[in-house]
Amino acid sequence: MHSYRTHGGITVQRTAEPCDPAELLTLVEAVETRRGGLFSSGMEYPGRYSRWDLGYVDPCLELVARGRDVTLSALNQRGEVLVPMVEAALRRHGHPVPSPESATVTVRVPEPGGGEQLTEEQRSRRPSVFSVLREIVALFHSDQDTHLGLYGAFGYDLAFQFEPVAEVQQRDPQDRDLVLHLPDAIIVHDRKRETCLRFTYDFTLASGDEGGAADRSGHPGRSTRGLDRVTAQTPVVLGADIPPPPQPGSYARIVEQAKERFRRGDLFEVVPGHQMYAACDSPARFYQRLRERNPAPYEFFLNMGEGEYLVGASPEMFVRVSGPVGQGQRVETCPISGTVRRGENALEDAANIRNLLTSPKEESELTMCTDVDRNDKSRVCEPGSVRVIGRRQIELYSRLIHTVDHIEGRLRPELDALDAFQSHMWAVTVTGAPKTWAMRFIEATEDTPRRWYGGAVGMVGFDGSMNTGLTLRTAHIRNGVATVRAGATLLFDSDPEAEERETFLKARALLETLAEQSGGNQEEAGTDAVEAVEPAAVPSGAGMRVLLVDFEDSFVNTLADYVRRHGAKVTTLRHGFPPRVLDELAPDLVILSPGPGLPADFGISVLLDELERRGIPVFGVCLGLQAMVEHAGGELCTLPEPKHGKPGQVEVRGGSLLAGLEDATFTAARYHSTYTTPERVKGFDVTAVAEDVGADGRRIPVVMAVEDQRARRWAVQFHPESILSAAVGEKIVDRVLRLARS
């Protein structure tokens with residue numbers, strides 16, 4: 001047990017005990033029906049993110065803000081003891097508001113005085129909800145513990161207490177702008193260090209405060225020791241109707257409005273959003289599946305009471321503050337802007353990343369975001385301390401690829417983590433620039449208030465630290481309906497239809513996961529978000545026997561694997577076997593592998609004679625193509641510069657082998673120095689070429705594929721089994737197997 005005294009005179013006793021990480025799974029189930037929260041990180045990135053899980057249930061206190069009204073509520077007996085300790089902090093910055101609950105205190109923070117002129121450097125100290133929050137943090141402040149603090153969510157409308165943005169949309173007066181919990185039992189799992197600890201806390205009033213505690217709580221003691229931690233249950237409520245999806249083209253029309261504002265110079269960029277909806281009968285199950293499907297740096301599941309949940313997998317850090325208070329604390333943000341979809345494989349990912357990094361528009365998006373972010377830090381950080389420590393770094397998620405900057409500064413010693421938080425409200429990546437004008441545009445053009453979207457979730461530590469993520473890729477769940485809002489960063493050169501598609505792409509991971517978990521069964525859920533599964537087709541190689549001849553090659557096993565994937569039985573033999581083996585194996589197809597050297601080095605013409613005599617179909621790769629061309633009377637040449645491990649653009653010119661490929665031109669891997677040209681080929685149709693430079697410096701067409709459909713002979717010069725040919729490799733193997741058996 002560890003004991004320490006806070007800045008406000010409260011004695012804290014902390015116990016840390018090892019526990020099984022599986023207890024966090026139990027917490028997930030508990031948080032579905034009781035107030036609590038789960039925070040986790042499913043990504044590692046050196047110097048930025050690490051893998052961890054943290055959870056709590058049955059917090060003792062809850063802090064809620066509705067506009068400028070701040071309410072502190074005890075959620076159990078332990079909270080009833082704590083309320084008198086915290087009440088004075090609230091009253092220092094707000095006028096009391098009558099409350100019918102004995103264990104509840106409400107104050108109203110007044111508007112700033114009209115005659116008071118504050119500098120921009122002082123903006124974060126204007127009277128606001130954060131004035132009360134700052135007092136509570138100071139009351140519990142100590143550098144003895146890194147986990148005790150306030151956990152929860154900060155709503156988008158909190159920014160209107162600092163920025164002159166008139167409310168255009170209708171608000172529900174019962175909507176909450178802030179929900180924070182004080183948990184006194186927390187499980188922390190550090191997956192990197194493989195430790196899991198349960199921290200429990202007890203609080204004791206300073207001497208002389210016993211009377212207030214006893215009067216309000218009804219308990220004679222002045223400590224939480226021995227009191228029950230259980231809070232009231234809040235069962236999941238279902239039954240609300242699912243609103244219709246956005247009208248096609250509605251977001252594109254907002255883009256057009258934004259472009260007009262760009263022309264006038266009112267905006268540089270802006271990030272409007274719109275909402276999509278899905279059923280959710282189990283927020284806990286949704287959180288678990290979302291973590292599996294879409295790991296992110298900021299994963300969270302919050303039961304905020306009153307039937308309201310937030311579940312998200314946010315890719316973006318909002319504000320993180322670390323280090324000793326008053327000693328130049330480190331302030332970090334990681335703005336994300338620049339988005340492209342994930343490819344079907346690593347090669348497509350690489351191509352998409354290349355397009356993303358070479359796009360002037362995408363670079364401009366992130367540059368503007370980073371410039372605004374640096375400006376936000378310059379308001380609260382030491383002069384000269386703000387710097388970009390990571391520029392246009394790539395982060396990969398389940399559906400998307402983003403470019404990310406990493407920015408840091410050193411907080412001025414007279415300021416705190418809340419100053420840093422307020423200076424960045426809200427991130428340019430969810431608002432735009434200039435920020436206030438962008439927020440006005442959003443308020444005027446979006447259909448509904450943002451509520452929690454574009455705000456933040458996370459923890460305000462009593463040690464002066466902070467770790468928060470933006471509420472992006474988040475579902476706000478109420479009465480069985482999950483609301484998912486998504487937006488796009490708009491510039492003058494934005495394409496309206498493309499930006500609208502991007503919003504649906506960003507929401508896709510959440511909506512698919514919701515459709516997957518709703519009712520626990522896709523068919524029972526009746527959702528049209530999941531396509532019907534067609535009966536599996538018979539593999540192209542099913543029942544076939546394939547002989548793969550190895551010409552001392554280093555790619556032969558991958559080629560064999562490709563063939564086996566299509567259901568064929570493959571036998572691989574090194575070259576030089578006697579002809580009788582062909583009769584013993586009776587293959588349906590023989591594949592001539594790539595290899596070093598020339599066809600004559602392996603006597604391949606002899607093997608081709610034997611195959612021709614037996615009428616066995618043949619497929620050649622690289623050296624195999626060269627052998628087949630030479631065997632038919634064609635001529636081979638040598639490239640002036642070898643093509644080893646190089647991608648090449650292959651142009652399809654017809655034929656059966658490459659039929660069915662989506663594009664007339666595709667990328668494939670080249671590993672060769674020997675080649676032929678169309679006019680040197682005899683007895684085959686040339687069905688694909690790649691342009692190259694000959695020995696005389698002139699452009700020449702190099703043969704990439706040949707076939708003799710009547711004799712059932714096919715060959716390619718490129719390597720279909722290479723990773724560089726991933727987009728077409730398996731399709732070609734599948735096609736060869738189908739042609740051979742026809």
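1. On a 1 Å grid over the protein atoms alone, a cavity is a set of points where a 1.4 Å probe fits but cannot get out. Grid points are joined across faces, edges and corners, and a volume is the space filled by probe spheres set on the points. By this rule there are 7 cavities of 30 Å³ or more.

2. The model is predicted: local features need pLDDT of at least 70, side-chain atom pairs count only at pLDDT 80 or more, and totals for chains, interfaces and linings use all residues. Residues are numbered from 1 along each chain as its sequence is written, and side-chain values use heavy atoms, with hydrogens and water left out.

3. The largest cavity holds about 220 Å³. Its lining (residues with an atom within 4 Å of a point) has 22 residues; Thr-429, Leu-472, Arg-473, Gly-487 and Lys-506 are the closest to its centre. At least two lining residues come from each of strand 19 (336–341), strand 26 (481–487) and helix 11 (496–517). Helices (H or I, at least four residues) and strands (E, at least two) are DSSP runs, numbered from the N terminus.

4. The lining of the largest cavity splits into 9 nonpolar, 7 polar and 6 charged residues. Ala, Val, Leu, Ile, Met, Phe, Trp, Tyr, Cys and Pro count as nonpolar, Asp, Glu, Lys and Arg as charged, and the others, Gly among them, as polar.

5. The second largest cavity has about 80 Å³. Its lining includes Glu-316, Asp-373, His-424 and Thr-429. Strand 17 (317–322) and helix 8 (360–378) each give at least two lining residues. The classes are 6 nonpolar, 3 polar and 3 charged.

Conventions
1 Å grid on protein atoms, 1.4 Å probe; cavity = no way out; pocket = protein on both sides within 12 Å on 5 of 7 lines; lining within 4 Å.
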